[in-house]
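Subject: Structure handover and notes

Hello,

My notes come after it.

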Amino acid sequence: MSEFPQPPVQILDWAVSGQALPGESESGDAHMVAEFAQGALAAVVDGLGHGKEAAEAARAAVRTMERCAHAPVDDIILQCHAELRKTRGAVISLASFDATTNRMSWLGVGNIEGFLFRPGRSGVGARESLLLRSGVVGYQLPPLRAASLPVSSGDILMLATDGIFGSFGYAPLLHRPLQEAADDILRRYGKETDDAMVLVAQYLGFKP
């Protein structure tokens, strides 16, 4: 018998909504969600600027994170930093969930905002905010200090690029389908002057 529980069928339920800057053929914003044994990684990336080169930087970051999704979040940023040196760079926020300990580690370099909502029994829960550190992955990194938080089944993570007005973090999410919530945030808070993307993910935890 294995010493560790087998990975759950699904650790995160998630949805994403995004749009390119009007007039551009592709967006410089990207996302990724990857599950691995007893864990999952969720991330949003914003390549600097707009258009093709921004999209190339974002895709390079996503490819790198997919290869090392199981690693600690600070190590993932370091690997992205090395890979993105040959691009214009990007800002990244990411969160890694450990279903064996019910904890989440998250880290943000740049201006991709992150919130963790903890629904309460009354329907109103606490909200945690990701501490962002100034820098550009692929160009100049700040000191990397990931934060670790306990998570419970039903907690909701939101990550959004700066093409979404910051007030999105107060949007009502409880008891709504995740795709509906993501689409509504983009519609209500998306800017017409930038690429925009929001990722909404709900932690399901370990379900043997």
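The notes below go from the whole chain to single residues.

**Ground rules**

This is a predicted model, so local features need pLDDT of at least 70 and side-chain atom pairs count only at pLDDT 80 or more, while totals for chains, interfaces and linings use all residues. Residues are numbered from 1 along each chain as its sequence is written, and side-chain values use heavy atoms, with hydrogens and water left out.

**Whole chain**

The protein has three helices and eleven strands. Both are DSSP runs, numbered from the N terminus: helices are H or I with at least four residues, strands are E with at least two. From the N terminus on, the order is β-β-β-α-α-β-β-β-β-β-β-β-α-β.

There are 208 residues in the protein, and 50% of them count as buried. Buried means under 20% relative accessible area, exposed means over 50%, and partly exposed is in between (1.4 Å probe, protein chains only).

Now contacts, meaning heavy atoms within 4.5 Å. Take those in the protein with a separation of 6 or more: residues 24 or more positions apart account for 71% of them.

**Helix α2**

Helix α2 covers residues 73-84, twelve residues in total. From first C-alpha to last, α2 reaches 16 Å, close to the 16 Å expected at 1.5 Å a residue. The expected span is 1.5 Å times one less than the number of residues.

The buried residues in α2 are Val 73, Ile 76, Ile 77, Cys 80, His 81 and Leu 84. Seen down the axis of α2, they fall within an arc of 140°, so they line one face of the helix. The arc is that of the directions from the helix axis to the C-beta atoms. What do these residues pack against? The partners are β3 (39-47), α1 (51-67), β4 (90-98) and β5 (103-109).

His 81 sits in α2 and counts as buried because its relative accessibility is 9%. Its side chain makes a polar contact of 3.0 Å with the side chain of Arg 85. A polar contact is a pair of N or O atoms within 3.5 Å; within protein, one must be able to donate a hydrogen and the other to accept it, and residues adjacent in sequence count only if both atoms are side-chain atoms. Leaving out residues up to four places away in sequence, His 81 touches Val 136, Val 137, Gly 138, Tyr 139, Gln 140 and Leu 141.

**Cysteines**

How many disulfides are there? The count is zero, with a disulfide taken as a pair of cysteine sulfur atoms within 2.5 Å. Cys 68 is in no disulfide; the nearest cysteine sulfur is that of Cys 80, 6.0 Å away. That is too far for a bond. Cys 68 is buried at 5% relative accessible area. Cys 80 is buried at 0%.

**Ser 17**

Ser 17 lies in strand β1 (residues 12-19). It is buried, at 8% relative accessibility. Its side chain makes a polar contact with that of Asp 183 (2.9 Å). Setting aside neighbours within four places in sequence, the contacts of Ser 17 are Gln 179, Ala 182, Asp 183, Leu 186, Ala 196, Met 197 and Val 198.

**Loops and backbone angles**

Most residues other than glycine have a negative phi. Two residues here are worth checking against that.

- Gln 38 is not a glycine, yet has a positive phi of about 65°. Gln 38 is in the loop between β2 (29-36) and β3. With a relative accessible area of 16%, Gln 38 is buried.
- Asn 102 is not a glycine either, and has a positive phi of about 55°. Asn 102 is in the loop between β4 and β5. At 33% relative accessibility, Asn 102 is partly exposed.

Thr 100 is also in the loop between β4 and β5. Thr 100 is partly exposed, at 45%. Its side chain makes a 2.5 Å polar contact with the side chain of Asp 98. Thr 100 and Gln 38 are 62 residues apart in sequence, but 6.1 Å apart in space, C-alpha to C-alpha.

Best regards
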